[in-house]
Structure formats: structure tokens, C-alpha cells
Amino acid sequence: MSEPFLQIIDVSKRFDNVVALDKVNLKIAKSEIFSLLGSSGCGKSTLLRIIAGFERPDEGRILLEGKDITKLPPYVRPLNIMFQNYALFPHLNVTNNIQFGLKEEKISKEEINHRVNEILNLLELNGLEKRKINEISGGQQQRVALARCLVKKPKLLLLDEPLAALDKQLRVQTQFELVNLQYKLGITFIIVTHDQEEAMSLSDRMAIMKNGEILQVGNPVEIYEKPKDKYIANFIGTANIFNVLNKNNQIIIKELNYEVKNINNKENYVKCLIRPEKISVKKLENQSDNLNIGVVKEVAYLGSYTKYLIEVNGFEFYSFIQNSLVSDNLQIRRDDKVQISFNETSIYFFND
Amino acid sequence: MIKNLKKQNVWFVFTPYLWLVLFFFVPLALIFKISISVSEWGMPPYRDLFSLSENGLEINSTLGNYLFIFSDPFYIRSYLNSLSLAFTSTLLCLLIGYPIAFYVAKSKTSIRNILLIMLIIPFWSSFLLRVYAWKVLLQGSGIINSILIHIGLISEPISMLHNHYAVILGVVYTYLPFMILPLYGYLVKFDLNLIDASNDLGAKPFNTFVKVILPLSLPGIVAGSMLVFIPVVGEYIIPEMLGGSDKLYFGKIIWDEFFVNRDWPIASALAMSGIVILVFPIIIFQLMYAKYNFRNE
Amino acid sequence: MNKLFFKILTLTIGFSFLYFPILTLIAYSFNDNKRVMVWKGFSFRWYKELFHNEQILEAFYTSLKIASLSATFATVMGVMIGFSLTRISKIPARPFFIFLSSSPLVMPEIILGLSLLLFFISSNHIIGFPSSKGQLTVLISHITFSVAFVAVIIQSRLSSYDKNIEEAAQDLGTIPNMIFWKVTAPVILPAILSGWLLAFTLSLDDLVVASFTTGPGANTLPIVVFSKVRLGLSPEVNALSAIIMLIVILAAISIYLINRSNIKK
């Protein structure tokens with residue numbers, strides 16, 4: 001990353017002695033889609049509100065293109081925010097909502113009309129110009145909220161749970177539209193979300209937050225494959241986490257009683273992660289005394305893949321098998337004994 | 001619902017309307033009748049509208065009472081005084097009440113509930129006694145004069161009672177809760193994100209207030225203003241207790257015409273013109289406003 | 001910080017303005033001097049005199065009686081109006097009924113009082129009813145102007161009321177005639193109570209309409225108080241104000257506490 005577009009330096013914020021943000025540092029590049037992901041109360045919304053200028057940090061600075069904007073009021077910051085509930089003005093119609101921000105700038109009437117028409121076309125809002133906000137659908141409201149921000153040509157667009165208010169079908173469609181739009185306009189997006197799938201599919205990079213701190217920053221693949229700790233591993237996707245024993249230079253996965261042989265780095269790791277899709281199971285035709293034998297406790301057929309809950313020595317974990325890969329998996333039933341296998345390169349070790 | 005109602009139940013539902021017709025509209029019709037009657041000595045102190053004499057049916061109707069009122073600047077001035085009192089005090093209540101309602105509505109829930117109770121207490125407590133409180137305060141030997149003398153602003157007690165400023169003060173004080181409560185009702189429902197959104201889109205605080213907060217609290221402003229304006233137009237108690245002879249008001253004139261001069265036709269004509277001049281525009285406005293709201297639902 | 005300062009300043013000045021006169025009055029009610037404004041010493045003298053003032057006590061009783069009766073009648077009729085306007089969807093000439101029920105809201109009390117008095121006199125003349133002016137005529141007048149206020153409160157509650165719960169009750173086996181008592185009434189009960197309370201205060205507070213329509217033996221508290229303070233000050237009225245304030249404050253605090261415990265539940 002060359003010159004960081006947005007820099008967040010040591011930002012802290014407390015509300016009535018409750019720490020909302022604790023020395024947060026972040027660098028966000030120009031034209032990337034960056035997500036702040038975390039469960040509610042993790043501080044992601046506070047960070048967004050600080051970037052937008054609605055809250056002042058107790059400590060720390062915000063730099064946009066190298067300029068300190070920490071003390072600038074929201075109405076002079078060259079960035080815009082799309083609110084979770086959209087915060088559209090109920091007393092204005094679609095056009096007046098969209099041109100609200102432009103009227104605050106010193107722009108000619110023709111220019112305003114031109115830019116409003118441009119954005120109406122871009123977001124396919126033609127025909128709704130004169131409608132009141134409560135006369136259009138939720139999806140249309142979302143696009144009006146987006147248009148209201150984009151028409152100002154912000155350097156940075158903040159999106160607070162942009163898809164949360166939409167129903168599921170519309171959400172998937174809008175996800176793609178949002179990415180396309182960003183690609184077309186090249187505006188930097190910062191998205192706040194609690195939905196890990198949404199964050200994974202939208203972002204170039206993301207930050208996982210908890211208790212006012214940033215736990216890990218990385219692209220979706222890094223975060224999924226190499227989570228820093230147990231919390232992140234569980235937060236993103238389904239995680240099978242095992243304890244690791246380190247005895248006489250032997251690395252053993254405790255619950256499976258499995259020795260990992262091909263391992264270079266013999267640091268004192270205490271835990272390891274194997275994602276469910278990397279564990280395969282196979283029905284045992286005849287009884288054998290193989291070590292890696294488990295019992296199927298639950299089966300859930302989900303169309304493209306099947307979820308199995310496997311028990312080994314009283315420990316339960318998941319295995320997801322693509323249905324297109326192995327057709328005889330369909331025969332695995334509850335209470336069947338199965339043989340478990342995984343590739344050693346799929347094991348990811350970490351310290352708690 | 002109407003399906004479930006039997007015929008007699010429908011009538012039952014309409015009893016309150018019958019009550020209002022009988023005790024509200026019939027009496028209004030009656031003062032209209034008396035207002036066009038000829039005044040005379042006796043009981044009742046006016047001549048019957050219709051009477052039978054040797055010439056047959058005689059109609060003793062006159063517009064004289066109205067002509068009398070509108071040819072006398074004394075009455076016209078009292079109407080204007082009442083209108084200007086209502087207008088001034090509504091404006092003052094709005095200017096004082098709006099920031100209070102705004103900040104109470106924007107307070108944290110725990111503090112807000114306590115402040116709300118503190119707003120309701122004066123609203124509930126006796127109107128008459130709150131006017132009386134100002135009579136006590138504004139006395140020559142009252143506490144305000146004492147304070148002013150004590151800090152050396154004045155050397156002798158000044159007469160603060162019995163003038164129209166005291167009336168305005170009393171009206172603003174007693175009617176302030178009527179303005180604040182409806183305003184609060186609208187402002188508390190106000191989505192604070194809209195203020196943030198407006199700021200974010202580049203509107204400075206003043207523009208945000210004018211373009212977003214004000215239009216969205218307009219229903220509260222209208223409701224509060226009506227609650228102040230209408231009763232103040234006919235206000236009798238406050239001018240009587242705090243006012244003086246510098247300005248006379250419509251309410252007191254009616255009272256005096258009726259109780260002191262015992263001129264029922266003139267009192268009725270005053271009341272009827274009062275309704276026409278002051279109340280009809282308000283009703284029309286309210287109906288229009290209701291229609292506007294209905295369309296926006 | 002600047003904003004917070006401005007907020008606290010506004011609220012402090014605003015609430016001082018609302019409370020300063022009332023508190024001064026209460027303070028002076030303990031003044032042991034016939035001349036209200038000259039402080040002589042702390043005493044309960046005026047409270048004692050107040051409780052021995054037959055005229056005030058009787059007026060207080062009359063006011064309570066009229067206020068509670070008027071509030072009850074006005075609430076029953078207000079509920080009926082509220083229902084007829086919100087629930088009978090095909091009510092013919094709806095605007096006309098809205099006009100009927102809301103007109104008293106915009107009528108100055110002086111005109112209301114005058115018209116009712118003239119009405120009672122004529123009616124006595126023509127049909128001999130009411131036989132004389134008194135508590136009954138004041139009661140009728142108070143019901144008349146309270147109905148509209150109660151109707152507004154009930155109407156706004158009913159318009160945000162979810163009719164599905166009535167269908168749910170029917171689905172669960174409640175017979176149609178009992179739905180009102182088992183479902184609707186309990187749900188709108190808070191609105192009914194606040195309507196009653198408003199009508200009660202309106203009646204208790206009214207001076208102008210009562211002055212017009214009252215007769216022998218029907219002096220309400222405001223009429224008696226007004227006659228005492230119209231021309232001067234009265235230490236007994238100071239004591240009365242303090243007692244009324246105490247009642248109102250206690251009522252407000254108990255309502256606050258009830259609300260809070262309801263929310264917590």
C-alpha cells in the first residue's frame with residue numbers, strides 16, 4: 001500500500017466510562033471496499049460515526065489524503081454516509097432528497113439538474129422523481145439513499161449496514177449491484193456490517209472488531225484461512241477447533257489422537273483449526289480398527305453440499321461434503337460409522 | 001364493526017352527537033337569535049323575535065346591534081387588542097417553548113422522563129392560581145420589585161401590575177405548557193439520524209434546522225399554536241387579574257356587557273362577531289390541515 | 001461542550017420560569033402575616049384558617065363532585081365518539097361528525113359560557129327545565145366542553161390500535177359481544193384513564209363557564225378563589241395553592257413511578 005487514503009491513528013472513544021474504541025489504527029487504500037465486521041457493541045458503528053464526523057474521538061486522529069480531518073464538522077468533510085435506516089427526509093420527494101446536498105454547495109441550477117438526472121439514470125430511479133419517500137419500496141429507498149450520497153461525488157462513502165433492511169432475495173442482488181457501482185465510480189467504500197457473508201462477498205479487505213479493538217485486518221481469504229484466534233475463526237464461517245499437544249517433539253491433535261507428521265515449524269502452538277469443508281468422511285464398509293473413525297450424529301442435506309456432525313471420542317465437529325464430488329455420500333445416515341480424512345496442509349495452527 | 005352493531009346500538013353510538021347538538025349548537029343558534037333581537041327593559045331583556053299583535057305576525061329583527069358594535073371604535077379596538085394579544089403571546093410561547101421542548105426531547109431517556117413530569121406539573125396545577133402567583137410577584141411590595149431595588153436597578157418600587165405587559169407575561173406563563181407538550185410530542189418522535197444525514201450532506205446547523213427540523217416539527221407547531229391562540233382570544237381571567245385600563249380585551253367586554261350592563265343582545269352580537277372574526281378562519285384552517293395530513297398518511 | 005452548556009442554560013432558565021412563581025407562592029403560604037408580602041415569621045396559621053373556612057371547604061367539595069361526574073360522563077361519550085369516528089368505516093358524512101365533535105375545542109370559553117347560560121334561561125322559560133341554575137347546569141356545561149377533549153385522546157389511541165387482536169380474540173373463541181370488554185377496553189384503558197383525568201382537571205380548573213352557568217349553592221372552588229383574589233391578595237389562597245401543588249406533584253410522581261415500573265417489567 002503506497003500513500004494510505006484514509007488513516008486512523010490511535011483513535012479512542014469512551015461513553016460514560018464505557019470504552020467504545022480503544023486505540024484503533026487502520027489504513028485504508030484509495031478505491032477499495034473495506035468492511036468493518038463485528039457483532040453489535042464492538043465499536044464498528046462508533047468508528048464509522050467518528051469518520052463521518054458525528055462524534056469526536058477522545059484521543060487520536062483521522063487523516064484523509066494526509067490531511068487531518070479530526071476536528072472538521074460533518075458538513076465540511078468531503079465524504080458521505082448512507083444510514084442503516086436510510087434517514088431519508090420524509091417531508092421531501094425523491095428528487096428533493098437527492099438534490100438536498102447539492103443545494104448546500106454553490107452550484108448552478110442547470111448543474112444540479114444535470115447531476116440529479118445522471119444519478120437517477122445510474123441508479124434506475126427514473127419515474128419516481130415526484131414520489132414521496134413513504135410511497136416507494138424498501139429497495140427503492142435504499143437506492144435513493146445511495147443516490148443522495150453519490151450525487152455529491154464524495155471521496156469516501158460510508159455505508160452503515162447497507163443491506164440489513166432489505167429482504168433476503170433483494171440483498172443478494174443488491175450486493176452485486178453495489179460492487180459493480182463501486183467498480184464503475186472508483187469511490188472508496190467503508191462498510192459496517194455484522195453479517196460475515198456480506199462482508200466476505202463485498203470487501204477487498206476487512207477488519208474484525210471486538211470490544212472496541214481491531215483483532216485482525218486482511219482480505220477475506222486470509223481471514224477465513226488464517227484467523228488470528230479462536231474468536232475470529234468462529235465468527236467467520238464454521239470452525240472445528242482442536243487442542244494441540246506438543247510432546248517430545250511430537251505434534252498431536254488431542255481430540256482425534258492424530259499425530260501431524262509433515263510439519264516444519266514446531267512452535268508451541270496450542271490450538272489448530274480445520275475447516276469443515278476440508279474434512280472428508282467416507283462410509284465404512286466393514287468394521288476395522290482404524291484410529292480415525294467417527295460416528296455420524298446429524299445429517300443436513302443442503303442441496304449443493306451436505307453437513308455432517310461427527311463425534312469422535314466424545315468430541316463433536318463438522319464435515320461439509322460437496323454433493324457433486326461424491327455421490328455415495330448420500331448414503332451416509334445418522335449413526336453410521338465413518339472414516340475421517342483430511343490433508344495435513346489444511347491444518348492451521350494458532351495460539352488460542 | 002358496523003356489521004356487528006344492531007340498529008339500536010347505532011343510535012346509542014350517536015347519543016354524544018345529540019348531546020353536542022343540544023348543548024353546543026342550539027345555544028349558539030340561540031345567541032345568534034338574541035343578537036338580532038331588539039333590546040328592551042325586562043326579563044328577558046330583549047323583545048321576542050316573533051310576536052303576535054293586532055297587525056298579525058310581527059318580526060322584531062334588527063341588525064342594529066351589529067351596526068352599533070362596528071361603528072364604535074371601542075369594540076373594534078377590543079377585538080384588535082385580543083387578536084394582537086393572542087398573536088404576540090403565541091409567538092412568544094413558540095420562541096420560548098420550542099428550545100425547551102427540543103432539548104427535553106433530545107435528553108437521555110432517564111432525564112427526559114423526569115423533565116416531562118416537570119412539564120406536566122404546571123399543566124395540571126390550577127390555572128387561576130398560576131395567574132394569581134404573578135399577581136403576588138408583580139406587587140409593588142412584591143419579590144421582583146424587592147430584588148430590583150436590592151441590586152440597585154431601581155430606587156423605588158415600580159408599578160408592574162395592571163398593564164398589558166403584565167397580561168402578556170401572565171398569558172405566556174400560563175399557556176407555555178400548552179405549547180411545549182405538543183411540540184415535545186412531535187420532537188420526541190424525531191429521528192435524530194435525519195439531523196446527522198443533513199449535516200453529512202453539507203448543511204450547516206442553521207440550514208439543518210430550517211430545512212429539516214422545522215418542517216418536520218410543523219404539525220407540533222400548528223397544534224401548539226392553536227392550543228394557545230384560540231383560548232387566549234377569549235381570555236377573561238388574565239386581563240381581569242393582571243391587566244389595567246390601558247387595553248381592553250374582547251373577553252372582558254362580553255363579560256361586562258352581560259353582567260354589568262345586562263345588555264344581552266349586544267353581548268350576543270359581540271360573541272357572534274367574535275366567532276365569525278376569530279374562530280371561523282381557524283376551523284377552516286384546521287379542516288384544510290386535516291385534509292393535508294390525511295393525504296400524506 | 002458549548003452545545004451542552006447552551007442546552008443546560010436553556011433548560012435551567014425555562015424550568016425556573018415555570019417554577020419560580022409557584023414556589024414563591026408556596027413560600028409565602030408559611031408567612032405569619034395578614035399582609036401577604038411582608039414576612040413576619042414561619043407559621044401554619046393560614047393552613048389552619050383554610051381548614052376552618054366553610055366557604056372554601058364547601059366549594060372544594062362541590063368542585064370535586066362536579067369534576068368527577070363530568071369526567072365520567074364525558075369519558076363515556078368521548079369513547080363513543082372515538083369509536084364512531086375510527087371504527088365505523090362507512091359512517092355517512094364523516095367530516096360532518098368530525099366537525100360536530102371537535103367544534104367545542106375551538107370555542108373560546110367566554111362564548112361557550114354565555115351561550116349555555118342563555119340556553120338554560122330560555123329552556124327554563126319554555127319547558128321549565130332546568131328549574132333553576134345550580135350544580136346541574138354547571139355539570140351539563142362541563143360535560144359539553146370536556147367531551148371533545150376526551151374524544152381526541154381516544155381517537156388517537158384507536159387509530160394506532162391493531163385490529164388484528166380483535167380477530168385473534170374471535171379466533172380464540174371470544175364471542176363478539178364480549179370482545180369490547182375482554183380485548184378492546186383493556187388495551188385502550190390508558191387512553192380512557194388519561195381522558196378521564198384531563199376532563200377532571202378541565203372541570204376543576206374552569207372559572208369562566210362555571211361563572212356563567214352557576215346558581216345558588218353551586219359555587220365551585222375557582223369561583224370562590226376568584227372572588228377572593230380578584231381585587232387583592234389572600235394568604236389563605238396561598239396556603240390553598242401550596243396544598244394543590246402538593247397534590248399535583250404527588251400525583252405526577254406516582255404516575256412516573258408506575259410508568260417506570262411498567263417499563264421495567
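Reader: Across the interface of chain B and chain C, how many residue pairs are in polar contact?

Author: This is a predicted model, in which local features need pLDDT of at least 70, side-chain atom pairs count only at pLDDT 80 or more, and totals for chains, interfaces and linings use all residues; side-chain values use heavy atoms, with hydrogens and water left out. Residues are numbered from 1 along each chain as its sequence is written, and chains are lettered from A and ligands numbered from 1 in the order in which they are written. A polar contact is a pair of N or O atoms within 3.5 Å; within protein, one must be able to donate a hydrogen and the other to accept it, and residues adjacent in sequence count only if both atoms are side-chain atoms. With both residues at pLDDT 80 or more, the number of pairs between chain B and chain C is eleven.

Reader: Which element gives the largest share of the side of chain B that touches chain C?

Author: The elements of chain B that give two or more residues to this side are α1 (7-35), α3, α4 (109-124), α5 (127-138), α7 (164-187), α11 (237-242), α12 and α13 (helices, H or I with at least four residues, and strands, E with at least two, are DSSP runs numbered from the N terminus). The largest share, 19 residues, comes from α1(B).

Reader: And how do the residues on that side of chain B divide into nonpolar, polar and charged?

Author: Ala, Val, Leu, Ile, Met, Phe, Trp, Tyr, Cys and Pro count as nonpolar, Asp, Glu, Lys and Arg as charged, and the others, Gly among them, as polar. Sorted like that, the side of chain B that touches chain C has 66 nonpolar, 13 polar and four charged.

Reader: Which three residues supply more than any other three of the area that chain B buries against chain C?

Author: The contact (heavy atoms within 4.5 Å) takes 83 residues from chain B and 78 residues from chain C. Buried area is the accessible area (1.4 Å probe) that two parts lose on being put together, summed over both. Chains B and C bury about 7,900 Å² between them, 83% of it on carbon and sulfur atoms. On chain B, 10% of the buried area is supplied by Tyr17(B), Trp124(B) and Tyr132(B).

Reader: Which residue of chain B meets Arg230(C) in a salt bridge?

Author: A salt bridge is a side-chain nitrogen of Lys or Arg within 4 Å of a carboxyl oxygen of Asp or Glu, and the count between chain B and chain C is one. At 2.8 Å, N to O, the side chain that meets Arg230(C) is that of Glu240(B).

Reader: Where does Lys252(B) lie, and with which side chain does it make a polar contact?

Author: Lys252(B) is placed in helix α12 (residues 250-260) of chain B. Leaving aside neighbours within four places in sequence, Lys252(B) is in contact with Tyr236(B) and Glu240(B). The polar contact, at 3.0 Å, is with the side chain of Glu240(B).

Reader: Turning to chain A, which residues of chain B lose the most area to it?

Author: The area buried between chain B and chain A is about 1,900 Å², with carbon and sulfur atoms giving 58%. Together accounting for 35% of what the chain B side buries, the residues are Asp200(B), Leu201(B) and Lys211(B).

Reader: Which residue of chain A pairs with Lys211(B) in a salt bridge?

Author: The rule finds two salt bridges across the interface of chain B and chain A. One of them joins Lys211(B), at 2.7 Å from N to O, to Glu104(A).

Reader: How far apart do the closest C-alpha atoms of chain A and chain C lie?

Author: Of the two pairs of chains in contact, chains B and C share the most contacts. No contact joins chain A and chain C, and their closest C-alpha atoms are separated by 11 Å.

Reader: Within chain A, how many residues apart in sequence are the parts tied together by Lys152(A) and Glu105(A)?

Author: The side chains of Lys152(A) and Glu105(A) meet in a salt bridge (3.0 Å, N to O). Lys152(A) lies in the loop between α4 (138-150) and β7 (156-160) of chain A and Glu105(A) in the loop between α2 (94-103) and α3 (109-122), so the separation of the parts they tie together is 47 residues.
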